[in-house]
Amino acid sequence: MELYSGHINKLIEELAALPGIGGKSAQRLAFYLINMPQDKVNRLASSILEAKANVRYCRECYTLTDQEICPVCANQNRNHRLIMVVENTRDMAAYEKTGKYEGVYHVLHGAISPMLGIGPGDIKLKELVNRLEGDVEEVIIATNSSLEGETTAMYISKLIKPVGIKVTRIASGVPVGGDLEYIDEVTLLRALEGRVEL
Ligand code: ZN
């Protein structure tokens, strides 16, 4: 016998498929949602649909944005010759929160992982190489210090160095395997200031 109605089971299943949400949390959320006032449910549902319909990649740095060009790339006071390569939009947000970085970004949307079958063609690397045809002074590689992040950093440095552009890597001190978004601002700034040339 099914414990819950088919609709509740379906909802639990969809929620459980989200990252970081286990079966128990999915059940709790499903019942919470069912008991929410109708107007709140409508707002939540439409915010998901609107975000999905309107968020896109920035034409220059590939971060997720509502506009064709994100606010960072559109800002003429930023140093457009300094590009920091990050794995995702959340890492970019972590550096932006420090308020001290004056360059622009390039968002890869992932990292190379032979184990998971993610190759260079699966992340925004070609797009990075295309950007280097412009006026670029330095590329700062700020991928995570996980195995995937280091693999990606090495790959990028081999790709860019022959072009003759300065390539640097943020200093370690960022905990191994640590997601950049969870690291405090002081540590991030120290990692940025202590970057070393590859
Ligand atoms: Zn951008």
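**The zinc site and the core**

Visitor: How are the donor residues of the zinc ion spaced in sequence?

Guide: Donors are N, O and S atoms within 2.8 Å of the metal (3.2 Å for Na, K and Ca), and water is not among the atoms, so sites may look incomplete. This is a predicted model, in which local features need pLDDT of at least 70 and side-chain atom pairs pLDDT 80 or more, while totals for chains, interfaces and linings use all residues. Residues are numbered from 1 along each chain as its sequence is written, and side-chain values use heavy atoms, without hydrogens and water. The protein donors, lying 2.3 Å from the zinc ion, are the SG atoms of C58, C61, C70 and C73, and the spacing of these residues is C-x2-C-x8-C-x2-C.

Visitor: What arrangement do the four donor atoms make around the zinc ion?

Guide: Four donors count as tetrahedral if all angles lie between 85 and 135 degrees. Because the angles here are 105 to 116°, the arrangement is tetrahedral.

Visitor: Are C58 and C61 buried or exposed?

Guide: The test is relative accessible area, found with a 1.4 Å probe on protein chains only: under 20% is buried, over 50% exposed, and in between partly exposed. By this test, both C58 and C61 are buried.

Visitor: Which residues touch the most other members of the largest nonpolar core?

Guide: A nonpolar core is a set of buried Ala, Val, Leu, Ile, Met, Phe, Trp, Tyr and Cys residues joined through side-chain atoms within 4.5 Å. The largest one has 38 residues, and those touching the most other members are M84, Y95, Y105, V139, I156 and I160.

Terms used:
Four donors count as tetrahedral if all angles lie between 85 and 135 degrees; four count as square planar and six as octahedral if opposite donors are over 155 degrees apart and all others between 65 and 115; anything else is irregular.
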